[in-house]
Each structure stands twice: as structure tokens, then as C-alpha cells.
Amino acid sequence: MSASPRVLLVFVSLFFGGTWVAAPWATEEIHPLAVAFLRFAVAALLLWLYCRVRRIDVRITRRDLPVVLGVALTSVAGYNILFLYGVTLAPASHGAVIVPGLIPGATMLLARVVLGERIETRRALGVGIAVAGLVLVVGPELEGGATTALGDLLFAVSALLWAIYTLIGRAAMRRFHAAAITFLGTAVGAAILLPLALLVPGGFGDPFAASARAIGGVLYLATFGTVLSFVFFYEGVRQLGAARAAAYAVLVPLFGVTLAVLLLGEPLTPTALAGAAIVLGGLWLAQSPPRVAQPRPAESRC
């Protein structure tokens, strides 16, 4: 790819932000479980073609099954069920702030409890600031709004699942190419989602009754929100390194909230706007790498 890695990573954030618009469009007419299955069935096919073209090995052994299943249950089936049901209950702009706002803190705490990793002061401070911003975003709308509260809770739990996936993904990346584990996770996840979508009443409904906007929402989630985001992100990681690439995730809530306001017509109160800005600041602090002190030049001695 000839494009600048920084440009690609901005597009990744834009694509992820766009999922908070595509998901409501799709789930307005198609059951969330059917949307989740269709998203990853299409994505798995495209990722398989990508792996074939790039000659990436996707074979697995029996010992790989727990890791692959862990990726599929957390980042594919579990996260997307909660994400897609969440946008049917609460404003998409809430999810666009809650999910990326909680993931760093949840990952930090899980890594501490499970792996015994040290918590860096800079990162902990950034997480605390982000959580304070989240209170401003969702707090005022929870007064008497049980439906919104439930949707926001689903977003919060989905962030926890993504944090669990982040730890599983570390083990997976030691055994698989990034494209291979992403393909395997989407394929197994789609297989898990299919019977759920078939069992729920009216799961797939009439496939010809959905509007172009709903179908476009599903296709956006599969292509831009999954496949292209993966390809662009790992190209950014290859050229800039994982830490610098991950820092671009702070743009996701910015794009997500902006698109939800512009395309879904969701209101944005001054309090929520201030909260979103605080979340962005906290995420930047939590995800930006600490500065490395430069050694002082040795003083000349006479």
C-alpha cells in the first residue's frame, strides 16, 4: 500500500465510527442476530480471499481451538450481540463514547488481575479522566430512562468482552498471523451466530423486504467496519508500530458521535459534548506512549 499509514489509521477510526450509524440502520429492519451473522459471514469470505491472495496460512490444530473459540465468543458473537441490541435501546452516540471509553480501563484492570501487569500512572490517570467524561455523557439521560439505561449497560458489558478479547488476542497473535486469527474468529463466530439467528422468531424475516439502507448498513459493517478496518489497521501497525497505531483509537468516539448527530439526527446536549471532549482527552492520555527521557550529553571535562 502506498498510502500514508497515518492516513490509513484515520480511515480506520472513521470506519469504526461509522459502525455506530450503520448498525441502527441495519437493525431497524433486520433482527440484530441476523445482522451479526450476515456481517461476519460476508467478512469471513472476504478475509479468506485476502489470506489466499497474501498466502497466509489459516490452518489450525486441535490445540488452537480454545484460542480461536475465545476470539469468536468475545470479539465476534458476544460483543456484536450486545452492540447490536444496544443500538436498538440507547442512542448510538452513547455507544460511540461508552465502548471506546471503557475498553482501555477494563483491559488495564484485567491485565493487572489476570497477568499481574503493572498499572502505569499515566494510563490510570487517563482512564480515570475518560470515565469521568462518560458520567457526563450518559448520566443526565438515565433519569427515568430504563430503556436507555439498559442499552448503555449492554454497551458497557460489550466493552468488557472486548477487553477480554484483547488479552486472548495476545496469545492468539503468538500462534497465528493477524489476518489468520481474524478470519478464523469471524468464521467461527458466524457459525455460532447462525443457529441463534435461525432460532429467534422472525430472525431473518423476508430478505427481500429490507430497504437499500438496511442492506447497505449490513454491508458497511462487513466491509468497512470489519475487513478494510483490519487491513488498514495492520498496515498502520506494520509501518508505525502497535503503540503508535493504537493511539489513533481516540478518534473513534469523535467520528462516531459526529456521524450519529449528522446522519441519525441524535441530539447532543452541551453536557454530553463536554463529556465527550473529556473522554477524548482521557483516551489520548491513556493510549499515548510515555515520553522517553533523552540522555543528557556528557559534559566535557578539562
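## Salt bridges

With a relative accessibility of 40%, R213 counts as partly exposed (buried means under 20% relative accessible area, exposed over 50%, and partly exposed in between, with a 1.4 Å probe and protein chains only). The structure is a predicted model, in which local features need pLDDT of at least 70 and side-chain atom pairs count only at pLDDT 80 or more, while totals for chains, interfaces and linings use all residues. Residues are numbered from 1 along each chain as its sequence is written, and side-chain values use heavy atoms, with hydrogens and water left out.

The side chain of R213 forms a salt bridge with that of E28, at 2.5 Å from N to O (a salt bridge is a side-chain nitrogen of Lys or Arg within 4 Å of a carboxyl oxygen of Asp or Glu). This pair joins distant parts of the chain: R213 belongs to helix α8 (residues 212-240), E28 lies in the loop between α1 and α2 (32-54), and 185 residues separate them. Helices (H or I, at least four residues) and strands (E, at least two) are DSSP runs, numbered from the N terminus. E28 is exposed, at 52% relative accessibility. Side chains of opposite charge can pair when their charged atoms come close.

Three salt bridges are found in a search of the whole structure. One of them pairs D64 with R175 at 2.7 Å, N to O. Here too the pair links distant parts of the chain, with D64 in the loop between α2 and α3 (65-86) and R175 in the loop between α6 (146-173) and α7 (178-199), 111 residues apart. D64 is buried, with a relative accessible area of 6%, whereas R175 is partly exposed at 33%. A further salt bridge joins the side chains of D57 and R59 at 3.0 Å, N to O. D57 is partly exposed, with a relative accessible area of 43%, and R59 is exposed, with 68%.

## Aromatic pairs

The search of the whole structure finds twelve aromatic pairs. Among them, F11 and F15 form a tilted pair, with 5.8 Å from centre to centre and 40° between the planes. Rings of Phe, Tyr and Trp (its six-membered ring) pair if their centres lie within 6.5 Å; planes under 30 degrees apart count as stacked, over 60 as edge-to-face and the rest as tilted. Because F11 and F15 are four residues apart in helix α1 (residues 5-27), about one helical turn separates them. F11 is partly exposed, with a relative accessibility of 37%, while F15 is buried, with a relative accessible area of 9%.

F233 and Y234 also form an aromatic pair, this one edge-to-face, with 5.2 Å between the centres and 80° between the planes. Elsewhere, ring pairs connect W20, Y79, F83, F155, W162 and Y165 into a cluster.

## Nonpolar surface patch

L45, L46, W48 and L49 make up a nonpolar patch on the surface, and together they have about 340 Å² of accessible area. Patches are made of residues with over 30% relative accessible area and no salt bridge, with like charges joined within 9 Å and nonpolar side chains (Val, Leu, Ile, Met, Phe, Trp, Tyr) within 5 Å; accessible areas come from the Shrake-Rupley method with a 1.4 Å probe, and for residues only the protein chains shown count as cover. L49 is partly exposed, with a relative accessible area of 40%.

One cavity of 30 Å³ or more is found in the whole structure. The volume of the largest cavity is about 90 Å³. Eleven residues line the largest cavity, and the closest to its centre are S93, H94, V137, L268 and A272. Two or more lining residues come from each of α4 (92-115) and α11 (270-287). Helix α4 gives the most to this lining, with three residues.

On a 1 Å grid over the protein atoms alone, a cavity is a set of points where a 1.4 Å probe fits but cannot get out, and lining residues have an atom within 4 Å of a point. Grid points are joined across faces, edges and corners, and a volume is the space filled by probe spheres set on the points.

## Overall fold

The secondary structure of the chain consists of eleven helices and zero strands. Of the 302 residues in the chain, 46% are buried.

Terms used:
1 Å grid on protein atoms, 1.4 Å probe; cavity = no way out; pocket = protein on both sides within 12 Å on 5 of 7 lines; lining within 4 Å.
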